[in-house]
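Hi everyone, thanks for making time this morning. I'd like to talk through the charged side chains in this one, so let me put it up on the screen.

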Amino acid sequence: MSNLDEASRLTKLKQTAASSVAEIGSLSVNDKNEIWFAELSEMWPGQAFTIQVKQVLFHEKSKYQDVLVFESFEYGNVLVLDGVIQCTDRDEFSYQEMITHLPLCSLRRQARKVLVIGGGDGGVLREITRHEHVETIEICELDEMVPRVAKEFFPKMAAGFDDPRVKCHFMDGFKFLAEVEPGTYDAIIVDSSDPVGPAASLFQKPFFDLVHRALSDEGVVCTQAESIWLHLDIIRELHSLCLEVFQGGTVSYAYCTIPTYPSGQIGFMMSTKAGKVDFSDPKQALSDESSALLRYYSPEIHRASFVLPRFAKDALNL
């Protein structure tokens with residue numbers, strides 16, 4: 001497959017409606033009268049992750065997407081948007097901790113003002129609140145139904161909304177960034193879905209141009225960046241895009257393991273315009289009290305998460 005053919009997948013996905021990619025997943029009953037959910041998508045063709053369903057707790061269509069919550073036998077409550085698993089009670093902490101603490105602990109100076117794009121389940125907010133030095137936390141979430149559902153069915157994640165430092169904006173992240181003052185944020189965390197449907201604009205150069213503008217001179221952005229096992233073409237294109245936008249800065253890819261995401265792995269693209277920065281070196285430390293609450297992130301995991309297998313390192317020309 002040529003580079004041109006590979007790069008075209010992200011472009012095609014951006015132009016595809018989420019429902020046609022995911023088909024709202026699949027709920028089926030087998031001959032043992034068991035209910036199973038299967039996660040189907042062109043983002044991971046030819047395979048599906050399945051979870052046995054105990055009971056469906058919520059299922060509605062918002063203005064933007066299909067929202068499903070079910071209780072499973074092995075993973076607790078599960079949030080599904082447009083047929084794609086977003087989080088489960090059992091393993092959400094690995095993703096939430098890493099997408100938050102990797103950027104915040106990589107900064108040369110402590111972050112004072114942090115913005116979250118997406119993240120309506122509240123998990124990233126919860127993790128940011130563990131950084132006592134952060135003074136202002138803003139979240140821009142398109143779909144008001146997601147926080148409402150999270151508060152009812154995922155209270156441990158949605159607890160982040162209760163912190164007095166948090167201010168919510170329910171609007172398109174692209175439009176929000178276009179209206180903020182340059183250099184406003186020390187860190188921006190883009191907790192996006194896959195690059196289809198409502199999240200498509202968050203994987204485009206105009207969006208990252210606005211992120212670059214909104215960051216302080218030594219600020220960092222960390223965005224959800226897919227799986228090295230399934231999406232190397234998308235990751236390579238996103239990596240090149242960030243290098244173009246953050247010229248003279250640093251762009252790096254890290255990852256974590258999480259069983260209910262496709263291939264059991266998800267990545268993070270980190271970028272800064274502050275010259276050469278070693279993102280793999282944690283420069284900021286959480287308090288002992290906050291560290292004791294973590295279940296995945298540690299300084300050792302921080303360093304190790306940037307060590308990529310050879311095939312991925314070669315694909316990104318690192």
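Let's begin with the network: salt bridges link Glu-92, Arg-126, Glu-127 and Arg-130. Do keep in mind as we go that this is a predicted model. Within that group, Arg-130 pairs with Glu-127, and their closest N and O atoms are 3.1 Å apart. Are these two buried or exposed? Glu-127 is buried, at 0% relative accessibility, and Arg-130 is buried as well, at 14%; the cut-off for that word is under 20%.

Now for the whole count: there are nine salt bridges. One of them joins the side chains of Arg-109 and Glu-218, with an N to O distance of 3.6 Å. What does that pair tie together? Arg-109 sits in the loop between helix H3 (92-106) and strand S7 (113-118), while Glu-218 belongs to strand S11 (residues 215-224), so the bridge connects parts that lie 109 residues apart in sequence. As for accessibility, Arg-109 is exposed, at 59%, whereas Glu-218 is partly exposed, with a relative accessible area of 30%.

One more pair for you: Glu-138 and Lys-113 also form a salt bridge through their side chains, at 3.8 Å from N to O. Here the link runs between strand S8 (residues 136-140), which holds Glu-138, and strand S7, which holds Lys-113; the two residues are 25 apart, in distant parts of the chain. Glu-138 is buried, with a relative accessible area of 8%, but Lys-113 is partly exposed, at 27%.

That's my tour of the charged pairs, and I'm happy to go back to any of them.

How values were computed:
Residues are numbered from 1 along each chain as its sequence is written. This is a predicted model: local features need pLDDT of at least 70, side-chain atom pairs count only at pLDDT 80 or more; totals for chains, interfaces and linings use all residues. Side-chain values use heavy atoms; hydrogens and water are left out. A salt bridge is a side-chain nitrogen of Lys or Arg within 4 Å of a carboxyl oxygen of Asp or Glu. Helices (H or I, at least four residues) and strands (E, at least two) are DSSP runs, numbered from the N terminus. Buried means under 20% relative accessible area, exposed over 50%, partly exposed in between (1.4 Å probe, protein chains only).
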